[in-house]
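User: I have a model to go through with you. Could we discuss its local features?

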Amino acid sequence: MMTIGPSKPRVLLFSQRNIMGKYLFRCPHFEFENIISQIDSVEVLAPQADASSLRSNFVKGVAYHVPMSLNPGIRKIRNHAHYDVFFAVCGYPTDLLMADAAIDWRNHCTTSVCLIDELWAKEIPLYRHFFRILKKFDLVVLYYSQTVRPLSERIGSKCIFLPPGVDALLFSPYPKPPRRSIDIYSTGRRSEVTHRTLLRMAAENGLFYLHDSIAGDKAIDSGQHRELFANAAKRSRYFLVNPALINRRDKTSKQIEIGNRYFEGAASGTIMIGERPHTEAFKMHLDWPDAVVHLDYESSEIDRIINDLDRQPERQERIRRTNVVQSLLRHDWAYRWETILRTIGLEPMQQLLYRKERLHNLARQVNSEENECNFVPKLRT
């Protein structure tokens, strides 16, 4: 355990960075935790365990079928301090086993909050036994908007939707915008139809198409991975985005949710191309013109879209600046943490207000600068 900030922290933050620290899916979680530690008074509880051990897998397997909580291999922390808030970020409901084994937070914290990244409404029955732990929390925060109602009805607890955020200062290309030397950046799930079209464009037109070429789900260092990702994104002209698990109807059914990529792409000032979900969450949080230039997931028309945009430099400049400004003013992790604090009745600390001031100042700078954009020449057709 380590203390960050004043001598009497008010937040006990449960982190799995020493358990799941190398998984790419979880890198944004640790980024959020790091920002919270900078803008609030935090003590981080980060126990060590082997999530791939026989014991851990056995306990998780049993928990799917039996209403009992076994320890997956975490030493319980004996803590006599008291905190205003216990906050835990869980990638999946199965992570609740880790938090429950680490500490009895109800005896040490006035209020408890759990954030769950991935939970599809269709899978709620699958995780029914894990919800005994989830019911202990005063507030459940979900990244998936359409899961809020069915989960609230299932566990009888207060659930809210909160979209993913981003370190908008890390991802911002300002105050010194780099040259956008990558034509198109695609990472993670992709359409093979679109991918083949982009490969052809790269071969025929000299386009620099950056995409995943190896399979893997782990990073050597989560912080360095986020920095590298941000640096590549803010050097990219175009960035492919699509709803979460868009090609996995077996898991999602007809549920459509916006994921991290939309906020990371916007913050980096790239032009996002992909599906524009017809959901209230998208309309509420990515509501500015050209936030995403629409392309059907299985479409081969990305060449036409890119060539059309390349003939409109003024539109490109407007899209880039608007994406950055909207992210600085609305989608930094500081705003997500502020929403959680307000929901549980706590005021933000001065450090959070300082970060918001930095974000607002940079947004004003972006808006006030003259059009001095570093455009790469149009693609050869």
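User: Where is the place of S253?

Analyst: S253 sits in the loop between α9 (249-252) and α10 (260-267); helices here are DSSP runs of H or I with at least four residues, strands are runs of E with at least two, and both are numbered from the N terminus. This is a predicted model, in which local features need pLDDT of at least 70, side-chain atom pairs count only at pLDDT 80 or more, and totals for chains, interfaces and linings use all residues. Residues are numbered from 1 along each chain as its sequence is written, and side-chain values use heavy atoms, with hydrogens and water left out.

User: What is phi of S253?

Analyst: Phi of S253 is near 55 degrees, a positive value in a residue other than glycine. Most residues other than glycine have a negative phi.

User: And D290, buried or exposed?

Analyst: D290 counts as buried because its relative accessibility is 18%; buried means under 20% relative accessible area, exposed over 50% and partly exposed in between, with a 1.4 Å probe and protein chains only. S253, at 36%, counts as partly exposed. D290 is in the loop between α11 and β12, and its phi is near 60 degrees.

User: Which peptide bond is cis?

Analyst: The bond from Y174 to P175 is cis, with omega near 15 degrees. P175 belongs to the loop between α6 (168-171) and β8 (182-186).

User: Changing topic: which way do the residues of β11 point?

Analyst: In β11 (residues 271-274), I271 and I273 point one way, M272 and G274 point the other way, and all are buried.

User: Which strands does β11 join, and by how many bridges?

Analyst: Four bridges join β10 (residues 236-241) to β11, and these strands run parallel. Two bridges join β11 to β12 (residues 293-294), also parallel; strands pair if DSSP finds at least two bridges between them. G274 is the bridge partner of V241 and stands opposite H294 in β12.

User: Which residues touch the most other members in the largest nonpolar core?

Analyst: They are F86, L134, F137 and L151, in a core of 40 residues. A nonpolar core is a set of buried Ala, Val, Leu, Ile, Met, Phe, Trp, Tyr and Cys residues joined through side-chain atoms within 4.5 Å. The largest share of this core, six residues, comes from α3. Apart from it lies another core, of 33 residues, among them V241 and A281.

User: What does F86 touch?

Analyst: Leaving out residues up to four places away in sequence, F86 touches L12, F14, I103, W105, C109, T111, S112, V113 and F137, where contact means heavy atoms within 4.5 Å.
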